[in-house]
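Hi,

Here is the structure for your files. My notes on its salt bridges follow below.

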Amino acid sequence: YDRIVRGDTAGLQPRCVLNGGKAAPGYAMAKQIIKLINNVAAVINHDHRITPWLRVAFLPDYKVTSMEVIAPAADLSEQISTAGKEASGTGNMKFMMNGALTIGTLDGANIEILEAVGEDNFFLFGLRADEVKALRNQYRPQQYIDADPDLERVIALLESDHFSGLEPGLFRGLIDGLRRPHDPWVTLADFRSYVDAQARAERAWLDRDNWTRMSIRNCSASGTFSTDRTITEYNEDIWKLKSLTDPE
């Protein structure tokens with residue numbers, strides 16, 4: 001959004017960014033993130049300068065029946081949880097099975113997807129789990145802000161209440177969380193790597209034949225997530241049940 005407003009559209013490809021998620025009743029920060037997504041969407045979707053390039057939506061009541069429509073239509077699956085949090089689960093598998101390419105960290109099932117399709121068919125970014133662990137005691141968010149003009153503009157835009165409308169300071173808690181040295185997700189440490197990975201995805205999108213080949217490879221490699229394999233491994237490792245044979 002910031003780049004488009006400034007006229008820096010070189011290399012950008014038109015996108016519709018669809019967000020989905022839920023927040024437990026007591027999870028205030030998650031609710032604030034959802035509120036921010038909707039506020040950002042409202043600003044972007046009502047700005048005629050942005051319309052040719054970007055649309056943003058938050059899907060309410062995200063569930064399996066929604067995925068039946070979303071997954072086949074998605075081109076890029078964003079699985080951006082911090083490595084080591086094990087937050088990337090079955091959703092990324094559904095996207096992969098339907099041919100979406102993944103941009104993600106080495107977290108959860110992302111690791112298995114990357115192993116199945118190879119780095120040439122996956123847009124990897126971010127710190128590894130061991131790097132996240134090593135960084136925690138010396139994480140200084142301001143250092144990342146000072147070193148990256150793009151990130152500095154993003155933080156300034158958030159702090160300016162540009163997306164807060166008639167509710168100044170609405171996202172102060174979220175911003176303070178990003179700036180906090182004890183942020184358990186070390187969010188800002190992955191910002192530049194994420195932006196660079198998005199640029200790689202945009203360049204890859206321009207070669208539609210190769211993108212189609214990458215999509216097919218993701219579909220064909222998704223068999224590793226079949227329920228037959230999963231249930232068999234659960235039984236071998238955990239349940240240790242004896243198989244039932246057909247009496248005939």
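Asp196 and Arg192 join their side chains in a salt bridge, at 3.3 Å from N to O. A salt bridge here means a side-chain nitrogen of Lys or Arg within 4 Å of a carboxyl oxygen of Asp or Glu. Both residues sit in helix H10 (residues 191–206), four residues apart, about one turn of the helix. Helices are DSSP runs of H or I with at least four residues, numbered from the N terminus. Asp196 is partly exposed at 36% relative accessible area. Arg192 is partly exposed too, at 30%. Shared partners tie Asp2, Arg6, Asp148, Asp150, Arg153, Arg192 and Asp196 into one salt-bridge network. (Partly exposed lies between buried, under 20% relative accessible area, and exposed, over 50%, with a 1.4 Å probe and protein chains only.)

Please note that this is a predicted model: local features need pLDDT of at least 70, side-chain atom pairs need 80 or more, and totals for chains, interfaces and linings use all residues. Numbering starts from 1 along each chain as its sequence is written, and side-chain values use heavy atoms, without hydrogens or water.

Arg179 and Glu159 form a salt bridge at 2.7 Å, N to O. Arg179 is in helix H9 and Glu159 in helix H8, 20 residues apart. Lys35 and Glu167 pair at 3.9 Å, N to O. Lys35 belongs to helix H2 (residues 28–45), while Glu167 is in the loop between helix H8 (149–159) and helix H9 (172–179), 132 residues away.

Best wishes

How values were computed:
Helix = DSSP H or I, 4+ residues; strand = E, 2+ residues; numbered from the N terminus.
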